[in-house]
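Please look over the model shown below, and keep it in view while reading the paragraphs that follow.

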Amino acid sequence: MNRTAIVYLVSLAAFLGPFTQTIYTPILPEVTKDFGTSSFLVNLTISIFTFFLALMQMVYGPLTDTKGRRNVLLVGVFLYITASLGCFFSNSIYFLLVFRALQAVGIAAGSVVAATVIGDLFEGNARGKAMGTFQMMVSLGPVVGPIVGGFLGGRFNFHSVFLALVLVGLLIWIGNFIFLQETKPEKQSAKSFRLRDFITILRHRTGLSIILLGFIQYYAMYNFLVFLPGILTERYGLSAEEKGIAYLAMSCMIVVGSFIGGRIQGHWEDRHIILATSYLNVASILLFLIVSRISIPLLLISIMLFGLFLGTSLPVQTTLLTYVFQANRSTAIGVYNFFRYMGMAFGPMIGSLLFSLGGYALVYGFADIVFLVFSLLLTARVMRMNRHTPSV
């Protein structure tokens, strides 16, 4: 099987994480009613999935470096399929919570292994292009998830969503079982994991720069996901369907940006792409602050620009990590993903506190200032870097 097909195959496993995270968000009220439980516990099924998805990045990274890529992915996806079947048969919210956690524990392997396999198979510009495809597939997850979940939930009961996940997971497992060969370099020794490997990555100038950038990007993005509906409702009186179009616009631009980011590597220096997109993200958040009260078209333009620049940056980040950390690239990807997911978690929490103190202006103003500070720190690091070092 050719390498391009392998990229899509492992990227589909990575796609399943965010896809599963959001697939039944449109039918949460139906889940609440069916189980006769509180909205808090139903919302917890989303949060617990995100928490374990983040936590397991730190586990699968070292495992993939020491045990290899293929077996880790197959075991992870198999656990995901079993847990999805458990979700389908769950007859109480508490069983659903347990199986949602196990879903995340399993499918968390997808994004770590996919990025590592791409790093193993490709070099140079080809690696950047493959990373663009990988990030594009991952970005499609939260876009396609609610659409599929809404369709299935509207025509069947919500349990059908989990049956669909079982079938999709099974197809992806079979595809990887048949076609994915072990890609871990033979010359790479199977050294045991040491806790200080995490510290080494976080102390590395490039590693820490990319990890912090990923954190603030996802912190800002989840501020949009959580607080944008309130703005669209309170200021413009949009319906649920109309608010969904606004989300779709930003999400589609993340996908487009991921495609572009994978293609422009090699034409521009990676460090320049990351710096440019960072400052453009800062500018797009500022634009949103200015125009969000003026008109819907201008608001949409601002969030689409944010999505475009975010997406363009993502493939460059993972490409650089796989180059800088050759021997333990899976561990580096795991740490990077963990901090991105922490950005997802902290965005709504800190944003809610800021909203209670100063409304939407404080929420987005704080995010923009922190993003600017991170960008300035990133610039300072780049200025000190050796021009010949393939890092930011």
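The lining of the largest pocket draws at least two residues from each of α1 (3-22), α2 (28-35), α3, α8 (124-155), α11 (205-236), α12 (240-264) and α15 (329-384), where helices (H or I, at least four residues) are DSSP runs numbered from the N terminus. This is a predicted model, in which local features need pLDDT of at least 70 and side-chain atom pairs count only at pLDDT 80 or more, while totals for chains, interfaces and linings use all residues. Residues are numbered from 1 along each chain as its sequence is written, and side-chain values use heavy atoms, with hydrogens and water left out.

The largest pocket holds about 1,700 Å³ of space; of the 47 residues that line it, Thr22, Thr25, Pro146, Leu225 and Tyr247 are the closest to its centre. A pocket here is an open set of points on a 1 Å grid over the protein atoms alone, with protein on both sides within 12 Å along at least five of seven lines, and lining residues have an atom within 4 Å of a point. Helix α12 gives the most to this lining, with 10 residues, and by class the lining of the largest pocket comprises 33 nonpolar, 11 polar and 3 charged residues.

A cavity, by contrast with a pocket, is a set of points where a 1.4 Å probe fits but cannot get out, and the count comes to 1 cavity of 30 Å³ or more. The largest cavity has a volume of about 40 Å³, and the elements that give two or more residues to its lining are α1 and α7. Helix α1 gives the most, with 4 residues, and the residues lining the largest cavity include Ala13, Gly17, Gly110 and Tyr341. In this lining there are 7 nonpolar, 4 polar and no charged residues.

The largest nonpolar core has 109 residues, of which Tyr24, Phe306 and Tyr364 touch the most other members; such a core is a set of buried Ala, Val, Leu, Ile, Met, Phe, Trp, Tyr and Cys residues joined through side-chain atoms within 4.5 Å. The largest share of this core, 17 residues, comes from α15. Leaving aside residues up to four places away in sequence, phenylalanine 306 touches, among others, Gln217, Phe224, Met250, Asn281 and Phe371, contact meaning heavy atoms within 4.5 Å.

Side chains of opposite charge can pair when their charged atoms come close. There are 4 salt bridges in the model, a salt bridge being a side-chain nitrogen of Lys or Arg within 4 Å of a carboxyl oxygen of Asp or Glu. In one of them, arginine 69 meets aspartate 120 at 2.7 Å, N to O, which links the loop between α4 (57-67) and α5 (70-89) to helix α7 (residues 109-121) across 51 residues. Arginine 329 also meets aspartate 120, at 2.6 Å, N to O, and this pair joins helix α15 to helix α7, 209 residues apart. Arginine 69 counts as buried because its relative accessible area is 1%, and both arginine 329 and aspartate 120 are buried, buried meaning under 20% relative accessible area, exposed over 50% and partly exposed in between (1.4 Å probe, protein chains only).

Arginine 127 forms a salt bridge with glutamate 123, their closest N and O atoms being 3.4 Å apart. Glutamate 123 counts as exposed because its relative accessibility is 51%. Salt bridges that share partners join Arg69, Asp120 and Arg329 into one network.

Definitions and conventions: Points joined across faces, edges and corners; volume = space filled by probe spheres on them. Nonpolar A, V, L, I, M, F, W, Y, C, P; charged D, E, K, R; others polar.
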